[in-house]
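This report describes selected features of the structure shown below.

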Amino acid sequence: MPRIFTPKVITANALMEGDVVYLTADDLWTRHHREAELIDDEAHAQVRLLDAERRCDEVVGPYLADARTTPDGPAPAHFREVLRTRGPSNYRHGKQVGLV
Amino acid sequence: MYRYTEFDEAFVRERVAQFRAQVERRIDGSLTEDEFRPLRLMNGLYLQLHAYMLRVAIPYGTLSAGQMRQLATIAERWDKGYGHFTTRQNIQFNWPRLCDVPDMLDALADVGMHAVQTSGNTIRNVTADHFAGAAADEIEDPRPYAELLRQWSTDHPEFQFLPRKFKIAVTGAPADRAVTKAHDIGLRIVRSGQDTGFQVIVGGGLGRTPMIGSVIREFLPKADLLPYVEAIVSTYNLLGRRDNKYKARIKIAVHEEGLDRIRELVERRFGELRPQFAGADQKLLSDIRAMFALPPLTRAPVMRFETARRRDPAFRAWTDTNLARHRDPDHAIVTVSLKAHGATPGDATAPQMRALADIADEYGYGELRVSHEQNIILPHIHRSHLHEIHGRLKIAGLSTANVGLVSDIIACPGMDYCALATARSIPVAQWIATRFEELKIEHDIGPLKIKISGCINACGHHHVGHIGILGLDRAGVENYQITLGGDGTEDAVIGQRAGPGFSSEEIVPAVERLVFAYLEMRKSGDETFLETYRRTGPAPFRTALYGGERARAA
Ligand code: HEM
Ligand code: SF4
């Protein structure tokens, strides 16, 4: 039975700060998960990953991460990716500083 | 203290200049990440989950007050005002920007520090007993040998591309505070009749296949140290498996080839190498040794110490847990806990680093140490100064009296920072420490080492924790596996898995059940957790964890 493709976003770390970024549908890097392009087709995902990998002077280590749809846009599926949207749990550092 | 020679200084400056150019070429796009990655790792720069991380070596854990102040400055100027001290006697800065790293490295070079060989398949920062040069039980200060090894291994052309990373630890005391049996090479200074030499241990390591090292040479004359260590590393360089990174450490070579075979190869290579070391290393060693001389110790009455102990219970509690015996009876070794209940193990803020540097300058001959247990040591403190120091530490939030107790937890960064993690470890340490502080029983429990890693790489040494906790990802949920009975001392033992893991809600109550089971079973207040475990075996502890039924099934 073919594997079911679960929706993905493309994520990476920004070259200068190392901060987590996501690829949007219009080819920008956003710092907010909910603005990422949600990709639900495997072939398209591979093409988008190739696009992202070419932009190595902007980001480091792009990869596909599982995501799910919510009314506010794509949200992370795995707890590792949830942490990446926020920052560490021992200090209010990283992205959570700007979040409300 | 060791001072950089002109050669060291020029080498480090040149490396920083090279790296500055490499960073510029990465930023302008002329280097890809694949090209840049090995270069940044060679300079201690990692990329973690949320940011870069710069790992700075603190060779054999020894720091001067001036170096500590510089770390504080770096933390404030280019990071978020704190640093994280690790089990490998390094400090990590968690938030540097790529473009600032060359400036940080220059600032480190200003005080004779660097991040060279803190990463990659090289000989890493040589670690040593954090009480070196001060401990009452010490045969000889191991740091001159650690420094000799550092100079020999730094940029050693043959050993820049080993099959895998290579870690060496040295101790000069019978009580092993450097976990020598969990290193690729462990060196213990021992006596044989009138002579002192090294017991050489090889093939220890933690990670996914934890192993306790074996003695390859019972007694090595001190003058043969470099040729013998070089013989081991060069034997390993040829034998170590480059086909599989999980089988590439020397422990696997020792396991697969057998200790006798390795010994035979090492001795043969040693025979070839020994004549090539024509004594230059011994000349160097005697120069180095002079730099590690004990400072001229204060002579003064110690009465104030006893008086203060009688009058100030908080001070008394602190002296009960945080002092160790110095070789001079009027002095003490102070361990400053970086484990305030609920805080992140191993973190110190810039003001705390400065407070420590000031105390070291005023009372401690300007010397500081970093322990692999993620605490800071003031190695030579006259007893008459302890009460003042305790007061100063209190103001800086550094007077926690818990060294060696339940809340003195080692925890790796785990999934709060580390890209390899499978679960978080810092919050688990915070919860456990907070809970036992509420119960107010940790002084009654006595010595108990809890160690937590956020993945199988075991940076938190969980295998050698009396209670070890390993964070895993079970179907997308954090799950914590407990090991029991591990020990990182001269009697090193790898802990045994207790049974199925626990969720993040269950892990603290599970640890609590283990501790209460111990309190019920111990023969007296003097029998430690580990002693009770060794006497009873795991069964009653499993019952405490899982109840009667599941314990039998596990
Ligand atoms: C981004 C951070 C880190 C990364 C990527 C990392 C990576 C690794 C890896 C891959 C191993 C397994 C090596 C092997 O078995 O061949 C390892 C082992 C180890 N690391 Fe880390 N580590 C990190 C942080 C730390 C920290 C913060 C400490 C100290 C608290 C530390 C201390 C150790 C120790 C003691 C070992 C196990 C001993 C051994 O290798 O036998 N590491 N690390
Ligand atoms: S044990 Fe794993 S999670 Fe913890 S620091 Fe090491 S590699 Fe990271």
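## Loop residues with positive phi

In this predicted model, B:Val179 belongs to the loop that joins β7 (168-171) and β8 (185-192) of chain B. The phi angle of B:Val179 is near 50°, a positive value in a residue other than glycine. Most residues other than glycine have a negative phi.

A second case is found in the loop between α12 (350-363) and β14 (367-370) of chain B, where B:Tyr365 is located. B:Tyr365 is not a glycine, yet its phi is positive, at about 60°.

## Buried residues in strands of chain B

B:Ile91 is part of strand β5 (residues 90-93) of chain B. Is B:Ile91 buried or exposed? There are 25 other C-beta atoms within 10 Å of B:Ile91, and the residue is therefore buried. Leaving aside residues up to four places away in sequence, B:Ile91 touches B:Val56, B:Ile58, B:Leu71, B:Gly83, B:His84 and B:Phe85. B:Gly204, 113 residues from B:Ile91 along the chain, has its C-alpha atom 23 Å from that of B:Ile91.

Strand β19 (residues 477-484) of chain B contains B:Tyr480. B:Tyr480 is classed as buried because it has 25 C-beta neighbours inside 10 Å. When residues up to four places away in sequence are not counted, the residues that B:Tyr480 touches are B:Ala423, B:Val428, B:Ile469, B:Leu470, B:Gly471, B:Gly501, B:Phe502, B:Ser504 and B:Ile507. One of these residues, B:Leu470, is 10 residues from B:Tyr480 along the chain, and the two C-alpha atoms are separated by 5.5 Å.

## Packing of two helices in chain B

How do helices α7 and α8 of chain B pack? Helix α7 (residues 250-257) and helix α8 (residues 259-273) of chain B meet at an angle of about 110°, and their axes are 6 Å apart. The pair α7(B) and α8(B) is therefore roughly perpendicular.

On the side of α7(B), the contact is formed by B:Ala253, B:Val254 and B:Glu257, while α8(B) supplies B:Leu259, B:Arg261 and B:Ile262. By class, the contact of α7(B) with α8(B) has 4 nonpolar, no polar and 2 charged residues.

## Chain A

Chain A contains 2 helices and 5 strands, and from the N terminus its elements follow the order β-β-β-α-β-β-α. The radius of gyration of chain A is 13 Å, close to the 13 Å given by the globule rule for 100 residues, so chain A is as compact as a globular protein of that length. The C-alpha trace of chain A spans about 45 × 30 × 20 Å along its principal axes. Buried residues make up 36% of the 100 residues of chain A. Among the contacts in chain A with a separation of 6 or more, 53% join residues 24 or more positions apart.

In helix α2 (residues 79-86) of chain A, the residues A:Arg80, A:Leu83, A:Arg84 and A:Thr85 are buried. The buried residues of α2(A) pack against β2 (20-23) and β5 (73-76) of chain A. Just after α2(A) comes A:Gly87, with a positive phi of about 120°.

## Contact between the chains

The contact between the chains involves 22 residues from chain A and 23 residues from chain B. On the side of chain B that touches chain A, helix α14 (residues 426-439) of chain B gives the largest share, 3 residues. This side of chain B comprises 11 nonpolar, 6 polar and 6 charged residues.

## Surroundings of the ligands

Ligand 1 is surrounded by 20 residues, of which B:Thr86, B:Gly205, B:Gly207, B:Asn457 and B:Cys459 are the closest. The shell around ligand 1 consists of 9 nonpolar, 8 polar and 3 charged residues.

Around ligand 2 there are 13 residues, and those that come nearest are B:Cys412, B:Cys418, B:Gly454, B:Cys455 and B:Cys459. The shell around ligand 2 holds 8 nonpolar and 5 polar residues, and no charged residues.

Notes. Residues are numbered from 1 along each chain as its sequence is written. Chains are lettered from A and ligands numbered from 1 in the order in which they are written. This is a predicted model: local features need pLDDT of at least 70, side-chain atom pairs count only at pLDDT 80 or more; totals for chains, interfaces and linings use all residues. A residue is near a molecule or strand if its C-beta atom, placed from the backbone, lies within 6 Å of it. Ala, Val, Leu, Ile, Met, Phe, Trp, Tyr, Cys and Pro count as nonpolar, Asp, Glu, Lys and Arg as charged, and the others, Gly among them, as polar. Helices (H or I, at least four residues) and strands (E, at least two) are DSSP runs, numbered from the N terminus. The radius of gyration is taken over C-alpha atoms; the globule rule is 2.2 Å times the number of residues to the power 0.38. A residue is buried if 20 or more other C-beta atoms lie within 10 Å of its own, exposed if 12 or fewer, and partly exposed in between; C-beta atoms are placed from the backbone. Two residues are in contact if their C-beta atoms, placed from the backbone, lie within 7 Å. Axes are lines fitted to C-alpha atoms, for helices over the stretch in contact, and angles run from 0 to 180 degrees between N-to-C directions. Angles under 35 degrees count as roughly parallel, over 145 as roughly antiparallel, 65 to 115 as roughly perpendicular and the rest as oblique.
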